[in-house]
Amino acid sequence: MSATTTGLVCAHHHLYSTLARGMPAPPAAPTDFLSILELIWWRLDAALDLDIIEWSAKLGALEALECGTTAVIDHHESPHAIEGSLDVIAAACAEVGVRSVLCYGVTDRWTDDGRLAVHAIRDGTVRRGGVSAGARRGLAENERFLRAGGRGYVGVHAAFTCRDATLEAAAGLAADLGVGVHLHVHEGPDDAGAADRLAPLSSDRWLLAHCVHLPDGHPLRGTVSHQPRSNLNNAVGYARPARFAGERPVVLGTDGIGADMLEEFRLAYVAHRADDVTTGPDPAWRWLQAGADLVPDVAGDAVTWSYEPMQPWHLAFTPGVRAVRVEIDGAVVLEGGVATRVDAGEIRAKAAEAARRLFARLDV
Ligand SMILES: [Zn+2]
């Protein structure tokens, strides 16, 4: 039995974190969301170079394709390898055959002399001052990539690691280029006040990842990207995305934990159900499908699955459904569950080598 659908969209990914699985334990056990960022993710992104980014992106794109995800909306950061990083990711996705919509997440969390400004983030003084050198480089990478015809957003990490001047510069650049801003919003309690700072700058083109702690009725504009697995993993709470119905579109992303969107749909459903026993899987299914509004080209992609029917009341209770064949832009890029344009075995081997190099950098 099989059924064919259009391609799925992962509407918030971090391809740079594909190699993080199995990474060495952090120097201390994180006790809250900010220390998870500080001890894990901000150490990982600081260790990236362009070669590691390339293999991380190729493996992430391959795994997306194998899950019938034909478009990835990525949010990238690599503070010691900024220039050209978006080209590397775009080329990696194109080689595998997956559509990509990219951005570089600008931030002021690094001081101009290269230290992590953790105290300024914790006490809120990071807001003050002009755009930092690192944020200027990030803005330039977004601008360079987009002006050269790259598809994407202007990226911002999150308001709580950014100066007001940087948020204004990012919003202004996005408006000039006719795109939105893609950023983390109220993911954890540390981002309190973010929506008030961002609302005057925001537009309907913005992509707002998480919104777990976004106050009800807030006028911040944009599409909400919901990441149920990541939110559980970081113990930040449940976003209750159903509360945005009628106010803002809601889409689903993985926040870097693969790109299996049927799996993320199942989690979105069961998280919703845990909060409201009267709900069914239809709202989570609509969030999954709304990803196509952000990357309309996926309507022309065709994914043949190992199961039928591809309907929410079936799929919510049917783990393990696999993509068998994928056609993107008229070309068959997966046949019999195997990528056709690239050697999956080689990508996995090279990615494992890059992961060993990345982990060695984390140990020093
Ligand atoms: Zn994220």
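Which residues touch the most other members of the largest nonpolar core? They are Val-9, Ala-61, Val-72, Ile-89, Ala-170 and Phe-265, in a core of 109 residues. By nonpolar core I mean a set of buried Ala, Val, Leu, Ile, Met, Phe, Trp, Tyr and Cys residues joined through C-beta atoms within 7 Å. Buried means 20 or more other C-beta atoms within 10 Å of the residue's own; exposed means 12 or fewer; partly exposed is in between, with C-beta atoms placed from the backbone. Helix α2, residues 50-66, gives the most to this core, with 9 residues.

Two notes on the model. It is predicted, so local features need pLDDT of at least 70 and side-chain atom pairs count only at pLDDT 80 or more, while totals for chains, interfaces and linings use all residues. Residues are numbered from 1 along each chain as its sequence is written.

Now the overall fold. The protein chain has 12 helices and 14 strands. These are DSSP runs, numbered from the N terminus: helices are H or I with at least four residues, strands are E with at least two. The radius of gyration, taken over C-alpha atoms, is 19 Å, close to the 21 Å from the globule rule for 364 residues, so the chain is as compact as a globular protein of that length. That rule is 2.2 Å times the number of residues to the power 0.38. Of the 364 residues, 51% count as buried.

Ile-89 touches Leu-15, Ile-53, Ala-57, Asp-74, His-76, Ser-100 and Leu-102, leaving out residues up to four places away in sequence. Contact here means C-beta atoms, placed from the backbone, within 7 Å.

Stay with α2. Ser-56 is in that helix. Buried or exposed? Ser-56 is buried, with 27 other C-beta atoms within 10 Å. Beyond four places in sequence, Ser-56 touches Leu-15, Tyr-16, Thr-18, Leu-19, Ala-351 and Ala-354. Leu-19 is 37 residues from Ser-56 along the chain, yet their C-alpha atoms are separated by 5.7 Å.

Next, a helix pair. The axes of α5 (133-147) and α6 (164-177) come within 11 Å and cross at roughly 5°. Axes are lines fitted to C-alpha atoms, for helices over the stretch in contact, with angles from 0 to 180 degrees between N-to-C directions. The two helices are therefore roughly parallel, the word for angles under 35 degrees. From α5, Ala-135, Leu-139, Asn-142, Glu-143 and Leu-146 meet Thr-166, Ala-169, Ala-170, Leu-173 and Leu-177 of α6. Remember Ala-170 from the core.

On to α10, residues 282-294, which holds Ala-290. Ala-290 is partly exposed, with 18 other C-beta atoms within 10 Å. Outside its sequence neighbours within four places, Ala-290 contacts Pro-249, Val-250 and Val-251. Several residues of α10 are buried, among them Trp-285, Trp-287 and Leu-288. The buried residues of α10 pack against β2, β3, β9, β10, α9 and α11.

Last, some backbone details. The peptide bond from Glu-308 to Pro-309 is cis, with omega near 0°. Pro-309 sits in the loop between β11 and α11. His-210 is not a glycine, but has a positive phi of about 90°. His-210 is in strand β8 and is buried, with 28 other C-beta atoms within 10 Å. Ala-235 also has a positive phi, near 55°. Ala-235 lies in the loop between α8 and β10 and is exposed, with 11 other C-beta atoms within 10 Å.

Notes. Angles under 35 degrees count as roughly parallel, over 145 as roughly antiparallel, 65 to 115 as roughly perpendicular and the rest as oblique. Two residues are in contact if their C-beta atoms, placed from the backbone, lie within 7 Å.
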